[in-house]
Amino acid sequence: MAKVDPHIAEALMLNAGYKPLEPYIKSHQKWKCLHISCGEVVYPSYHGISQGQGGCLSCGRKITADKRRLSEAMTIEIMLDAKLQPLEPYKFALEFNTWNLVNFKVSYQWF
Ligand SMILES: [Zn+2]
């Protein structure tokens with residue numbers, strides 16, 4: 001593998017939102033950086049970042065949580081389509097079966 005120019009490596013990290021806090025050593029080595037968007041000190045590798053991987057664990061978790069929230073909206077839509085109204089927020093797919101549901105037809109007769 002060709003050696004990476006430290007200046008190019010640094011520019012790529014900055015471009016990905018990570019400010020290197022120590023000199024570049026090698027591509028697979030953990031590299032102390034500041035994740036600019038959240039202020040967290042993280043240790044991604046140049047190789048990982050250059051492959052498009054995330055370098056910040058806490059931001060990665062947040063992205064995963066956001067994706068889960070998006071799927072909640074979709075899930076509610078599917079349930080409403082099935083004429084079932086969720087009575088509590090959707091949490092995890094595993095809890096799907098224990099979700100409290102009310103059948104729209106039944107509640108309609110109560111009014
Ligand atoms: Zn972060």
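An open sheet is formed by 3 strands in the order β1-β2-β3, with antiparallel pairing. Two strands count as paired if DSSP finds at least two bridges between them. β1 (18-20) and β3 (40-42) are at the edges with a single partner strand each, so one side of each has no neighbour in the sheet. On average, neighbouring strands of this sheet are turned by 30 degrees against each other, direction ignored. β2 (residues 33-35) pairs with β3 in the antiparallel sense over 3 bridges. His35 is placed opposite Glu40 in β3.

This is a predicted model, in which local features need pLDDT of at least 70 and side-chain atom pairs count only at pLDDT 80 or more, while totals for chains, interfaces and linings use all residues. Residues are numbered from 1 along each chain as its sequence is written.

The protein has 4 helices and 5 strands in its secondary structure. Read from the N terminus, its elements run α-β-β-β-α-α-β-β-α. Helices (H or I, at least four residues) and strands (E, at least two) are DSSP runs, numbered from the N terminus.

α1 lies across β1 and β2, and runs at about 145 degrees to β1. Axes here are lines fitted to C-alpha atoms, for helices over the stretch in contact, and angles run from 0 to 180 degrees between N-to-C directions.

The largest nonpolar core has 9 residues: Ala9, Met13, Tyr18, Trp31, Cys33, Val42, Tyr46, Ile49 and Cys56. α1 (6-15) and α2 (46-50) are the elements that give two or more residues to this core. Such a core is a set of buried Ala, Val, Leu, Ile, Met, Phe, Trp, Tyr and Cys residues joined through C-beta atoms within 7 Å. A residue is buried if 20 or more other C-beta atoms lie within 10 Å of its own, exposed if 12 or fewer, and partly exposed in between, with C-beta atoms placed from the backbone. Of the 111 residues in the protein, 11% are buried.

Which residues does Tyr18 contact, leaving aside its neighbours within four places in sequence? They are Met13, Cys33, Leu34, His35, Ile36, Pro44, Ile49 and Gly55. Contact means that the C-beta atoms of two residues, placed from the backbone, lie within 7 Å. Among contacts in the protein between residues at least 6 apart in sequence, 12% join residues at least 24 apart.

Next comes the loop between β2 and β3, where Ile36 lies. Ile36 is partly exposed because it has 14 other C-beta atoms within 10 Å. Leaving aside neighbours within four places in sequence, its contacts are Gly17, Tyr18 and Lys19. The C-alpha atoms of Ile36 and Lys19 are separated by 6.6 Å, although the residues are 17 apart along the chain.

Ser37 is placed in the loop between β2 and β3. Ser37 has 10 C-beta neighbours inside 10 Å and therefore counts as exposed. With neighbours within four places in sequence left aside, Ser37 is in contact with Gly17 and Cys59. Ser37 and Cys59 are 22 residues apart along the chain, and their C-alpha atoms are separated by 9.1 Å.

Helix α3 (residues 57-81) has 25 residues and reaches 36 Å from its first C-alpha to its last, close to the expected 36 Å at 1.5 Å a residue. That expected span is 1.5 Å times one less than the number of residues. α3 is hardly covered, with a count of 0 buried residues among its 25. Just after α3, Lys83 adopts a positive phi of about 60 degrees.
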